[in-house]
Amino acid sequence: MLDLPVGHPDFGKAVACTCRAEERKQRRLRAVQSISALDTLTRLTFASFIPEPSHLAPERAFNLRRAFETCANFAKEPEGWLLLTGTYGCGKTHLAAAIANARLALGFPVVFMIVPDLLDHLRAAFNPQSETTYDQLFEQLRTAPMLVLDDLGAHSSTQWAQEKLFQLLNHRYNAQLHTVVTTNQRLDDLDPRLRSRLLDVNLVTHFGIIAPDFRTGQNSGQSDLSTLSLHANQRFETFDAQRSDLSSAERTRLREVLVVCESFAHDPHGWLVLAGDNGCGKTHLAAAVANEFVVRKRTDVMFVVVPDLLDHLRATFSPQATTSYDRRFDEIKRAPLLVLDDLGTESATPWAREKLFQLLNFRHNALLPTVITTSADPNQIEPWLRTRMLDINRCRWVAITAPGYRGSRSQQEAQAARPPRRRAT
């Protein structure tokens, strides 16, 4: 008992000694760690992480190396919060788990929780048969010396879930307790209360990882929107600029167009517009630019037919959609290289015009490399777009005057020159 005067509210009450209180605290913390997901992630360490994969472009490898170093330094001397953002499979969870494993190896307690699992454990704590009460569990999560929250935003966004996460993170924010958060969500899509705390540069170190998905081995340019894979054989070396059915002047002009496209692919800046009749080679050259860009930069390419693009945007409004409109639109407008094929064939509804304006106005102002193919007469193009296409400081307009290649004598001759296919026996 404490030595207190008679009349004190705590006079005569039994009080645990300091060593006992600390023992109970550690016991409760071990109980929380027992539901942590870290036991299944012991293999995810800094030693097993590849910070500079050989398949990445130099700028992406550099970004991943910096992410690795940032996390390793945080594990040694944690300060404030660390926020890791990036696409699925880019290495966020590995690095977060590596931090937790490194802290445990140094003898410091860590709680690692996947956010949907955390919410499930909180719900389960209301069960009368639960060994840990809700209040006990929540208090341990709020006060853990280091808490790692993986996949913030992957949970069902009910009002209760939002409230619990806010209470949890708000307490840790005010107490400035070491916290690591990973998310593949756009920060704009998160609860505004959480977003404002995650963007506090005085407490939070935010690192965006731009590596692609390591699990699939695909470049992040392999978006489900992009149809570049359908044009794998359309490269500069397979483009026939010496067509026998063209006049000498037409062949010279076509070779000039080819040189312009090759130059843009090697050093893409601003916009490239390929205009001409159907079948003249616009799509082939646009795909060749994109394929060359992938080889050289090993980075994102979005190749999409304009009517398909608008269909994809409309599909995000479906209740069954797995991707939000904002996320889909952001994916398109920020692509390092965007190829819009067949502009002018889309249905010219006010909504379609508005979306295309927002998309292309952003890319024009941001000077993002963009290739557009169109068979429309310049005078038929929307004035707001025509002025941007004709801006010689930011756009190169290339007119292809050659007639259609499909069914031409040149295509027939090329087909005849190919070795015959061997029939299966």
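User: What makes β6 a strand with buried residues on both sides?

Analyst: W271, V273 and A275 point one way from β6, and L272, L274 and G276 point the other way. All are buried. Buried means under 20% relative accessible area, exposed over 50%, partly exposed in between, with a 1.4 Å probe and protein chains only. Strands are DSSP runs of E, at least two residues; helices are runs of H or I, at least four; both are numbered from the N terminus.

The model is predicted: local features need pLDDT of at least 70, side-chain atom pairs count only at pLDDT 80 or more, and totals for chains, interfaces and linings use all residues. Residues are numbered from 1 along each chain as its sequence is written, and side-chain values use heavy atoms, with hydrogens and water left out.

User: What makes β7 and β10 edge strands?

Analyst: The open sheet has 5 strands in the order β7-β8-β9-β6-β10, with parallel pairing. β7 (302–305) and β10 each pair on one side only. The twist averages 15° from one strand to the next.

User: Why is G86 called buried?

Analyst: Its relative accessibility is 17%, so G86 counts as buried. G86 is in the loop between β1 (81–85) and α3 (92–105). Leaving out residues up to four places away in sequence, G86 touches K92, T183, N184 and I209. Contact here means heavy atoms within 4.5 Å. G86 and T182 are 96 residues apart in sequence, yet 8.4 Å apart in space, C-alpha to C-alpha.

User: How do you know that the buried residues of α4 line one face?

Analyst: In α4 (residues 115–124), the buried residues are V115, L118, L119 and L122. Seen down the axis of α4, they fall within an arc of 95°, so they line one face of the helix. The arc is that of the directions from the helix axis to the C-beta atoms.

User: What covers the buried residues of α4?

Analyst: The cover includes β2 (111–114), α5 (134–143), β3 (146–150) and α6 (159–175).

Conventions. Pairing = 2+ DSSP bridges. Axes fitted to C-alpha atoms, helices over the stretch in contact; angles between N-to-C directions.
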